[in-house]
Amino acid sequence: MDEWLIEARDLRKSFGSQTALDGLQLQVPPGSIYGFLGKNGAGKTTTIELLLNIIKPDSGHASIFGVPITDVRRCAEVRRRIGFVSEDKGLYPYMTVGQIIRFTRPFFPAWRDDLERRYLEAFSLPLNKKVGDLSKGMGSKLMLLLAIARGADLLILDEPTDGLDPAAVDDVLRELVSIAASNGTTIFFSSHQLAEVEQIADHVCIIDRGKAVVTGALDELKAQYQRIQVVVDRELSSAVRWVDGVVRVRQEGRTLSLLVSRNVEAILAQIRSLPGASTEQFPVSLKDIFLETVRNN
Amino acid sequence: MILRLNPSSGIPLYLQLIEQIKHAIETEAIRAGEQLPSVRRMAEDLVINPNTVAKVFRELERTGVIEVRHGAGAYVRSSVVSRTKLMRKAQDIVGAAVDRLESMELTEDEVRRIVENDLASRRSKSGKK
């Protein structure tokens, strides 16, 4: 097994004068639940379409299971190991749930009848209902069932919980955790819902304007990022603004708020050495990291 | 043992989970020799990443809180329970201190900040992470 299950190096893609991906780097460890975060239009769907070879990059490399995405010969073999759920759910509306399952099954030799039964029940999917008559939540769950039951080693999910009500979101997250726990399936999912990423992902990438701006293990990011609040006697803002590890500085009156991405102890020591400075240190949520790294760029 | 996590806080989930399991042992919600739920079960119940739970189990095993028997699950070690009495005593001390702080009209948030910052500055003074 390669070190990374999905790897992208310096991916670039433009549509006309619009730059969608601007040198994207991506490294997804096997067995991870990987949250791919970004605002609308940040390049999430473009990345997924490139990985699945639906569109071609202008330059750069990407591989899945160690196979380059441009390797036509082995492309089909790789695709069979991937379950994919897209934003616009491309299901035949005139088929019933039962028909579409019977229609999909023969394409995948590794089809898991046990998982099919399990998720039909877990998602309470009505076999005789037409796909076109399903609610949005039910449609998503059906797509997920079709992706999971093919016995995929990798699930690529484009906004799997988009438009679902909170109860349906919870169902989907619970089943994703369960599929990862029982089969070691790697799950790569895009989202702009920070709360759900924070709940189930162990690795994240924040993409902004076609570039990965924050990547890493979520636990490590939360340990590295800290907010330091300082009450100062005099102007200090310019002194700390350029210290290595300081991401952002805000000042209101005599209070200075620093978002720090590394070197927390060194920065604290430096501030404490200043006359009359009192410091407080706060943990930082993924939402804070997201807003501070994406908003003002 | 009832565990409650807050994924949206800035504290990494695995640290929250370690603290809560230790707390459950200290308050005897789970006792020496008793079995913890499996990694898979705990991940599904809490709807969190199974790798996070696995990391917690590794850390609890490394620090001698639990013993992982191959294929038979994870058990609370008897040696950790000796801290139960100590923790009860500590709880009394903290309780008395918080009573005094509250009588000085400090809010809950202020009390928490003072304690956390005191711990943080001790950490940075002793020079370790």
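Begin by selecting residues 33–37 and 203–208 of chain A, which are strand S3 and strand S9, and you will see two strands that pair in the parallel sense over 4 bridges. As you look at them, remember that this is a predicted model. To find one of the places where the two strands meet, pick A:Gly35, whose bridge partner in S9(A) is A:Val204. In general, strands of a sheet pair through backbone hydrogen bonds, and the pairing may be either parallel or antiparallel.

Now widen the selection to the sheet around this pair, which is an open sheet of 6 strands in chain A, running in the order S6-S7-S8-S3-S9-S10 with mixed pairing. Which strands lie at the edges? They are strand S6 (82–85) and strand S10 (211–217) of chain A, each of which pairs on one side only. If you turn the view to look across the sheet, you can follow a twist that averages 15° from one strand to the next.

Next, show chain A as a whole, which has 11 helices and 14 strands, and whose C-alpha atoms fill a box of roughly 75 × 40 × 35 Å along the principal axes. Of the 297 residues in chain A, 40% are buried.

For a closer look at burial, select helix H10 of chain A, residues 264–272, and highlight A:Val264, A:Ile267, A:Leu268 and A:Ile271, which are buried. Why do these buried residues line one face of the helix? Seen down the axis of H10(A), they fall within an arc of 100°, and so they line one face.

Then bring chain B into view and select the residues where the two chains meet: 29 residues of chain A are in contact with 22 residues of chain B. On the side of chain A that touches chain B, the elements that give two or more residues are helix H6 (166–183), helix H7 (194–200), helix H8 (218–224), H10 and strand S14 (278–283) of chain A. Among these, H6(A) gives the most, with 7 residues. If you colour this side of chain A by residue class, you will find 14 nonpolar, 7 polar and 8 charged residues.

Key: Residues are numbered from 1 along each chain as its sequence is written. Chains are lettered from A and ligands numbered from 1 in the order in which they are written. This is a predicted model: local features need pLDDT of at least 70, side-chain atom pairs count only at pLDDT 80 or more; totals for chains, interfaces and linings use all residues. A residue is buried if 20 or more other C-beta atoms lie within 10 Å of its own, exposed if 12 or fewer, and partly exposed in between; C-beta atoms are placed from the backbone. The arc is that of the directions from the helix axis to the C-beta atoms. Two residues are in contact if their C-beta atoms, placed from the backbone, lie within 7 Å. Ala, Val, Leu, Ile, Met, Phe, Trp, Tyr, Cys and Pro count as nonpolar, Asp, Glu, Lys and Arg as charged, and the others, Gly among them, as polar. Two strands pair if DSSP finds at least two bridges between them. Axes are lines fitted to C-alpha atoms, for helices over the stretch in contact, and angles run from 0 to 180 degrees between N-to-C directions.
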